[in-house]
Amino acid sequence: MLNDKDLSRYARQVIIPNFDEEGQEKLLNTKCLIVGAGGLGCPVALYTSAAGFGHIEIYDQDIIEVSNLNRQIAHKNNCLGNSKAENLVLECKKINPNITLISRKKIFDENIDIKHFDLIFDCSDNPKTKYTLNYLSHKNKKILISGSAVQFEGQLSIWKSGVSKHYPCYECVFPKTYEKAPTTNCREAGIIGPVTGLIGSMQVNEAIKEVAIKNYSSTAGYLFLYDGLTQNLDKIKLVKNYQCPVCSK
Ligand SMILES: [Zn+2]
């Protein structure tokens, strides 16, 4: 049962018929891991906190630099040099002091135990972390909500290969290659701030549906491609690779 404070705080959500109090209780009982406290991690952490996901843990080893501020909207000019993970937790607590927020100022790697989480948000900007999160999420049967953005383009997908063997995983669709990949990180290729804001918001929208909405059809197994120049949003059906080294075993 929600208390009076929760009913007031989340009033605009619980009023939605297929969400209601039961949906809010589910959010409050959900443990989220957010990897990355940058352009995607900022909106993901702010919106998951505001929505009332009950336990949120944020990993990022970096400090705030002035070149981050065009898109990493939780980080302010007077926080340059501070830890991104710690600062993002402070900002989220200002929105919602009634949930548990933990910062981890360290690199996320394959040795980190993710068993106790329910939802994993990939807000990283490098392939190594994305493959690691995919492997761990599949192995531990977790839902992985992955975003990426470069220049005016963004990608979103929900990976549930560990939940049901019929779904593809990240590595089915993006197999590891030993050739040098073209530049796709924002440091070298550039990034428009609102594109990260949109993709991060969409990650949380999908998370709320996965956890709390009744009679909801999952968008897992699709890749969403957003083009900020044309405003096109493509929804592409993905195919499982039955020889995939991660999810075919
Ligand atoms: Zn796979």
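Let's start at a loop: Gln151 sits between β5 and β6. What you're looking at is a predicted model, where local features need pLDDT of at least 70, side-chain atom pairs count only at pLDDT 80 or more, and totals for chains, interfaces and linings use all residues. Residue numbers run from 1 along each chain, as its sequence is written. Helices (H or I, at least four residues) and strands (E, at least two) are DSSP runs, numbered from the N terminus.

**The sheet**

- Eight strands make up an open sheet with mixed pairing, in the order β3-β2-β1-β4-β5-β6-β7-β8; two strands count as paired if DSSP finds at least two bridges between them.
- β3 and β8 (232–237) are the edge strands, each with a single partner, so one side of each has no neighbour in the sheet.
- From one strand to the next, the twist averages 15°.
- β2 (residues 55–59) and β3 (residues 100–104) pair in the parallel sense over five bridges, and Tyr59 stands opposite Arg104 in β3.
- To get from β2 to β3, the chain goes through helix α5 (residues 84–95), and this β-α-β crossover is right-handed (with the strands pointing away from the viewer, the path from the first strand over the helix to the second runs clockwise).
- β5 (residues 143–150) and β6 (residues 153–159) run antiparallel, joined by seven bridges, with Gly147 opposite Leu156 in β6.
- Helix α9 (residues 193–212) packs on the sheet, touching β4 (119–122), β5, β6 and β7 (222–227), and its direction makes about 165° with that of β5.

- Helix α4 (residues 41–51) is mostly covered, with nine of its eleven residues buried. A residue is buried if 20 or more other C-beta atoms lie within 10 Å of its own, exposed if 12 or fewer, and partly exposed in between, with C-beta atoms placed from the backbone.
- Among the buried residues of α4 are Cys42, Pro43, Val44 and Leu46.
- α4 and α5 pack at an angle of about 30°, with their axes 9 Å apart; axes are lines fitted to C-alpha atoms, for helices over the stretch in contact, and angles run from 0 to 180 degrees between N-to-C directions.
- That angle makes α4 roughly parallel to α5 (under 35 degrees is roughly parallel, over 145 roughly antiparallel, 65 to 115 roughly perpendicular and the rest oblique).
- Gly41, Cys42, Ala45, Leu46, Ser49 and Ala50 in α4 meet Leu88, Glu91, Cys92 and Ile95 in α5; residues are in contact if their C-beta atoms, placed from the backbone, lie within 7 Å.
- Just after α4, Gly52 takes a positive phi of about 95°.

- As background, most residues other than glycine have a negative phi.
- Gln151 isn't a glycine, yet has a positive phi of about 50°. Gln151 counts as partly exposed because it has 15 C-beta neighbours inside 10 Å.
- Asn215 isn't a glycine either, and has a positive phi of about 55°. You'll find Asn215 in the loop between α9 and β7, and Asn215 is exposed, with 5 other C-beta atoms within 10 Å.

- Ile236 lies in strand β8 and is exposed, with 12 other C-beta atoms within 10 Å.
- Leaving aside neighbours within four places in sequence, Ile236 is in contact with Tyr222, Leu223 and Leu225.
- Ile236 and Phe224 are twelve residues apart in sequence and 6.4 Å apart in space, C-alpha to C-alpha.

How values were computed. Contact = placed C-beta atoms within 7 Å.
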